[in-house]
Amino acid sequence: MTTTAPVIPDSAPIALEKAEIRSWKAPIAFAVFVVISLVLFLGFSRHGQSTFRFSESSDAVKLPNLVVDTFSTTIVVIVILAIITACSAYLSWNARKTPIWLVVVFALAFMFGFLAWAGSGELPVPVTGLLLGTISLSVPLVFGALGGVISERGGVVNVAIEGQLLAGAFVSAMTATLTGSWVVGLLAAMVAGVLVSFVLAAFAIKYLVDQVIVGVVLNVLVTGLTSFFYSQVLAADPSALNHPPRLPDWPIPFLSEIPIIGKVLFNQTIIEYLMYIAIFVVWFGLFKTRWGLRLRSVGEHPEAADTVGIKVNSTRFWNVSLAGAIAGLGGAYFTLGSVGAFSKEMTAGQGFIALAAVIFGRWDPIRATLAALLFGFASNLQNVLGIIGSPVPSEFMLMLPYVVTIFAVAGLVGMSRAPAADGKPYIKS
């Protein structure tokens, strides 16, 4: 007896069940800020007028100040924040992501309301100064984050960003002072970052030591070495060894005259312009070139990369070194562009914030740059609020950058996934 299997006609409908994945992180985060706004703007309401100053006395084109009623502005901001939160909750209920532009609008609205509340009846809020300080404080964070993205895309966790920044700051200060050239100082900072990366790469890739442990040890080692040499060498004769030339400002004709953004973006030193170039080059190289494809392949699936002839450990080693050079260049900004001299532990944990920017930016150079700008803005905000006489306690403002860092990494990263082979040594079989 023969049996035939039933034939299913081609036209038979096939039911496909769509799994709905709802993420409530965005609306919950928005709701938290709405509650904070209610407590701050209504529970501690302020009345009067708030002034936003967009132009400085030296600007060629002057914009008028924006004067708003403080209490009315904060009420309108609360309503806008509540509407955006409701929209985000609606999107989450329908298993749709909250678009990034809605997050940006929410952040700008909250910050406008907060600045209006904090600056009520006091000195005007210097918008240009706030943005200019944000760029300045973000420079080492951006360079450190770019170095972290390159290293971790290749499969090596770079916890040693702090040490690379600090080594770059120390060597650039001493070298630029001895030679009298800030160009030599920048190159020396890159070499110092590479040397720190060499140690990280050697122990993590060749000797298979835990990458996080190596990074932490390197940070402690560089901190100890630079502090020792500062006390024993630089402090003995600071005018001869710790008085480097400052980076000159290079305003770009016409562009530097544009109101607000001209002074913020196009009236800077060479290191800021190098930062713009580095952001584009790293993004383009990582996603548009053969180098980037090879780098990402050894970070995602080193076995597959090995089978097509890519030398996994060699690729990782040289790209970790490249990451160190970029981070070391960011360290030079502390001594040649910002402070003007080296001091003990002057990076003050900026390398760890840069590492948080890498995670917050989901291992993408553009997003990591935006995250670094966010942390730089939070750092500069404490300075601006102190200048305008804000009622916010100074102790809270000092911890604001780190609170933003913790909140960003813990609450806003979502389901971000690191490169699959990140932190995993590759042993060729």
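Predicted model: local features only at pLDDT ≥ 70, side-chain atom pairs only at ≥ 80, totals over all residues.

Biologist: Let's start with the aromatics. How many aromatic pairs does the structure hold?

Modeller: There are 22 aromatic pairs in the structure. One of them joins Phe 228 and Phe 229, with ring centres 5.4 Å apart and 70° between the planes, so the pair counts as edge-to-face, for which the angle must be over 60 degrees.

Biologist: Are Phe 228 and Phe 229 buried, exposed or partly exposed?

Modeller: Phe 228 is partly exposed, at 48% relative accessibility. Phe 229 is partly exposed too, at 36%.

Biologist: And how are Phe 317 and Trp 318 arranged as a pair?

Modeller: Phe 317 and Trp 318 form an edge-to-face pair, 5.5 Å centre to centre and with 80° between the planes. Phe 317 is partly exposed at 24% relative accessibility, whereas Trp 318 is exposed, with a relative accessible area of 53%.

Biologist: Which residues do ring pairs link into a cluster?

Modeller: Phe 30, Phe 33, Phe 41, Phe 106, Phe 110, Phe 114 and Trp 117 are joined into a cluster by ring pairs.

Biologist: Nice. Switching to helices, how many residues does H10 have, and what does it reach from end to end?

Modeller: H10 covers residues 270–288, which is 19 residues. From the first C-alpha to the last it reaches 26 Å, close to the 27 Å expected at 1.5 Å a residue.

Biologist: Which H10 residues are buried?

Modeller: The buried ones are Ile 270, Ile 271, Glu 272, Tyr 273, Met 275, Ala 278, Ile 279, Val 282, Gly 285 and Leu 286.

Biologist: Okay, loops now. Where does Asp 364 lie?

Modeller: Asp 364 is in the loop between helix H14 (350–360) and helix H15 (365–387).

Biologist: Which side chain of opposite charge is nearest to Asp 364?

Modeller: Arg 367 is the nearest, 5.1 Å away. Asp 364 is buried yet has no salt bridge, because a salt bridge needs the nitrogen and the carboxyl oxygen within 4 Å.

Biologist: So what does the side chain of Asp 364 reach?

Modeller: It reaches the backbone nitrogen of Ile 366, at 3.0 Å.

Biologist: What is phi like at Ile 260?

Modeller: Phi of Ile 260 is near 65°, again positive in a residue other than glycine. Ile 260 lies in the loop between strand S4 (249–251) and helix H9 (261–265), and Ile 260 is buried at 18% relative accessible area.

Biologist: Last one: where is Arg 53 found?

Modeller: Arg 53 is in strand S1, residues 49–53, and is partly exposed at 25% relative accessibility. Its C-alpha is separated by 7.5 Å from that of Pro 64, 11 residues apart along the chain.

How values were computed: Residues numbered from 1 in each chain as written. Heavy atoms only, no water. Phe/Tyr/Trp six-rings, centres within 6.5 Å; stacked < 30°, edge-to-face > 60°. Buried < 20%, exposed > 50% of the residue type's maximum accessible area, 1.4 Å probe, protein only. Helix = DSSP H or I, 4+ residues; strand = E, 2+ residues; numbered from the N terminus. Expected span 1.5 Å × (residues − 1). Lys, Arg positive; Asp, Glu negative; His and termini not counted. Polar contact = N/O pair within 3.5 Å; in protein donor to acceptor, adjacent residues only side chain to side chain.
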